[in-house]
Amino acid sequence: MSAEIPPPTASATVESTVAAESSTPVSTYQKGISPIKPEYLLPKPAAKEESIAHLSEAIEAEGDQGRTEADNNTPEVNENNKRDRKDKHVKNNRKKRGGGQNQDRVVTRRIEDEVQLCFKVAKGVECDKGDSCKFNHDIKKYLDAKDKDIGDRCVNFENTGECHYGYKCRYLGAHMDADGKLVKDEAKMAATESNTMNVFSHDLTLNLRSFKFDFSRSEAYLKKMADEMAEASKEQAKEQVKKTESTESTPAATESTTETPVEKDLSEMENRDVKMPKATIVQEEVSHPDTPDVKMRPQEKKKIDFRGKTYLAPLTTVGNLPFRRICKEYGVDITCGEMAMASNLVQGQKAELALLRRHKSEDIFGVQLTGNKIDVVVRACDMINQVAEVDFVDLNMGCPIDLVFNAGAGSGLLASPGKMRRMVTGMKSVLDVPVTVKFRMAINDKKPIGVNLTPQFHNLGAALGTLHGRSRQQRYTKLADWDYISQCAQTDRGIPGNDDYMPIFGNGDILGPSDYYRHLNEHKVDGCMIARGALMKPWIFEEIKSNRDWDISSGERFDMMKRFCDFGLEHWGSDTQGVNQTRRFLLEWQSFLHRYVPVGLLEVLPQKINDRPPAFVGRNDLETLMASPDVSDWIKLSDMILGPAPEAFRFDPKHKANSTTVEG
């Protein structure tokens, strides 16, 4: 799949020379610093970025010496790809505005072919639009202008017997004969089934956008909720009137007025924490749309025993389907799609619907929703229940970013307990699969509320609660508070083994099996959700299963990256745009992968997730390159798999900050 790689370059000579020149090796463990063996350390005064960049140039200039046996077949740095890709766009006249660190981020999201070939013609099919088609129909003209193939193996043709991208494929030679005709393997095509589930037709989008989708199940719950809220509001008003009448004799009471909330509409009342009748699960009272005369009993709902299973957190951007497939290869039990906005789903936005896609290898798969409106979230669940194959739906109450929080979604829901309860109840009323919740310990550091929320979620019938041991205010800084997670785990959640038992998973700062089992044993949680640790080392799930720290070689890690690219070309496509998307998401992932410190380089195990490594070199040049924080080196790695990046390609990492300020 990769282009021709030049002869291997030396790492051992360079690393031994650099280590020998270091006059101040750090061989003792310092708090916050990864304890790397002295022979791999760069000179202490040197900045890691400058040292790695200098080392990269030195490595490319030398021959192959001293490679480890584990990496005998590891491809090396291609010296022909030494061009500077740093974007030097001028920011002097940029409009000053508030926002996060990514407001000026540059990412090339779309790179087109020079000649825009009609997609139908590219597949070898006649275009029904004829001359009115705005795209080119001249295949020869397109092929003459097209960039040369990246490789001679097309993963889509190899897997299915046909490449959906035809002449637009960047691996065209794998399925085009000597006469320039597209090749198809009819036998393989007939025997192959799609590996991707929850791929929706355009009809679903049209029905959602034209308000023709059947939301009768969610409408029934929303009507019942509105009636109950109105009744509860009337009762509160009556109680307030009685209190007012009993104090009419006092001057203060004579001047006071009482506002009756009965006339307020649903949108105003849903944030109020009105006293409702004892919570009931509306599911028993709402008919299933396919069997309107038969009420569904709670025991008929799908059940999942989450206890003791490894769980890959839903991760925005980097938690895509190809990455989840990598984690499944390493043995993760539970996967969850990227956080989806409920409002975008019910509007039929294709990009949001694509977040529901699931690979067939994901045997326990859920989707995560966020929203600030009860009716919208409930309708989104109603739609998912009818059209998607999922095993559970998770409600996000942990997202800390301003855009979500300020709208009252994500961790903003923690400030609206009444809305939160009605939202969870509504989700359960329209779903035939379990409802789970992910939440933070608090909004503010000094006002933790997780201990109060946990039994509430149990009473509402949540199938699983996952607690991130940080507050919204804390975001991703400092260490997660596992002692507080332990307190929440000791609240009343039912009896283990009973149908109404709600397991609690902890989340935060897990980077190895010792972290995982310590939390299980000491903090009495039922399991752990792993986020940042899986991004830095997806093989963490294999380590947990075998209870060992795996000294994975750079060659094995590079093979993992190649598999990710294969999965990416299947998922995003093997045309120019698909290759660009695959490259972009590989680089997004590399912004975490480069933070891993190989086990064999550490004096003390295990690596701590918030420790910063000093400047170091690896045991070979590829291991050194993989540890580089320089984006140009990340692009170089992508070049070794996906061919040289286009001159127009630009990428700024989304997660620029150090390991203490990203997802845990």
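Is Tyr517 buried, partly exposed or exposed? Tyr517 is partly exposed, because its relative accessible area is 28%, a value that falls between the 20% limit for buried and the 50% limit for exposed. Keep in mind as you read that this is a predicted model.

## Around Tyr517

Let's stay with this tyrosine for a moment. Tyr517 sits in helix α19. Leaving aside residues up to four places away in sequence, Tyr517 touches Ile544 and Asn547. Ile544 is 27 residues from Tyr517 along the chain, and the C-alpha atoms of these two residues are 8.2 Å apart.

## The chain as a whole

Now for a step back. The protein chain has 25 helices and 13 strands. It holds 664 residues, and 53% of them are buried.

How much of the contact in the chain joins residues 24 or more positions apart? Among contacts with a separation of 6 or more, such pairs account for 74%.

## Two annotated stretches

UniProt, in an unreviewed entry, places the feature "zinc finger region: C3H1-type" at residues 112-140 and 153-178. The annotation "domain: C3H1-type", also from an unreviewed UniProt entry, covers residues 112-140 and 153-178.

What does the model show in these stretches? Residues 112-140 are 21% helix and 0% strand, and the C-alpha atoms at the two ends lie 17 Å apart. For residues 153-178, the figures are 23% helix and 0% strand, with the end C-alpha atoms 16 Å apart.

## A roughly parallel helix pair

Helix α14 (residues 374-387) packs with helix α16 (residues 417-430) at an angle of about 20°, and their axes are 9 Å apart. Angles under 35 degrees count as roughly parallel, and α14 and α16 are therefore roughly parallel to each other. Their crossing is right-handed.

Which residues of α14 meet α16? On the α14 side they are Ile374, Val377, Val378, Cys381, Asp382 and Asn385. Their partners in α16 are Lys419, Arg422, Met423, Gly426, Met427 and Val430. Sorted by class, the residues of this contact between α14 and α16 are seven nonpolar, two polar and three charged.

## An oblique helix pair

Another pair to look for is α23 (576-593) with helix α25 (residues 631-642). The axes of α23 and α25 come within 10 Å and cross at roughly 135°. That angle makes α23 oblique to α25. The crossing of α23 and α25 is right-handed.

From α23, the residues in this contact are Val579, Thr582, Arg583, Leu586, Leu587, Gln590 and Ser591. They meet Trp634, Ile635, Leu637, Ser638, Asp639 and Leu642 of α25. By class, the contact of α23 with α25 is made of seven nonpolar, four polar and two charged residues.

## A largely enclosed helix

Why can helix α18 (residues 482-489) be called largely enclosed by the rest of the structure? Six of its eight residues are buried, so the rest of the structure largely encloses α18. The buried residues of α18 are Trp482, Tyr484, Ile485, Ser486, Cys488 and Ala489.

Among the covering elements are the helices α17 (450-460) and α19 (513-522). The cover also includes the strands β10 (435-442), β11 (464-471), β12 (504-507) and β13 (527-530). Helix α19 is also where Tyr517 is placed.

## Details in the loops

Thr317 is found in the loop between β4 (311-312) and α11 (321-329). Although Thr317 is not a glycine, its phi is positive, at about 75°. Thr317 is buried, with a relative accessible area of 12%. Lys524 lies in the loop between α19 and β13. Lys524 is likewise a residue other than glycine with a positive phi, here near 60°. Lys524 is exposed, with a relative accessible area of 51%.

Where does the chain have a cis peptide bond to Pro606? This bond runs from Leu605 to Pro606, with omega near 0°. Pro606 belongs to the loop between α23 and α24 (621-626).

Key: Residues numbered from 1 in each chain as written. Predicted model: local features only at pLDDT ≥ 70, side-chain atom pairs only at ≥ 80, totals over all residues. Heavy atoms only, no water. UniProt positions renumbered as here; feature names shortened; annotations may be inferred. Helix = DSSP H or I, 4+ residues; strand = E, 2+ residues; numbered from the N terminus. Axes fitted to C-alpha atoms, helices over the stretch in contact; angles between N-to-C directions. Parallel < 35°, antiparallel > 145°, perpendicular 65-115°, else oblique. Left-handed = near helix turned anticlockwise from the far one by under 90°. Contact = heavy atoms within 4.5 Å. Nonpolar A, V, L, I, M, F, W, Y, C, P; charged D, E, K, R; others polar. Buried < 20%, exposed > 50% of the residue type's maximum accessible area, 1.4 Å probe, protein only.
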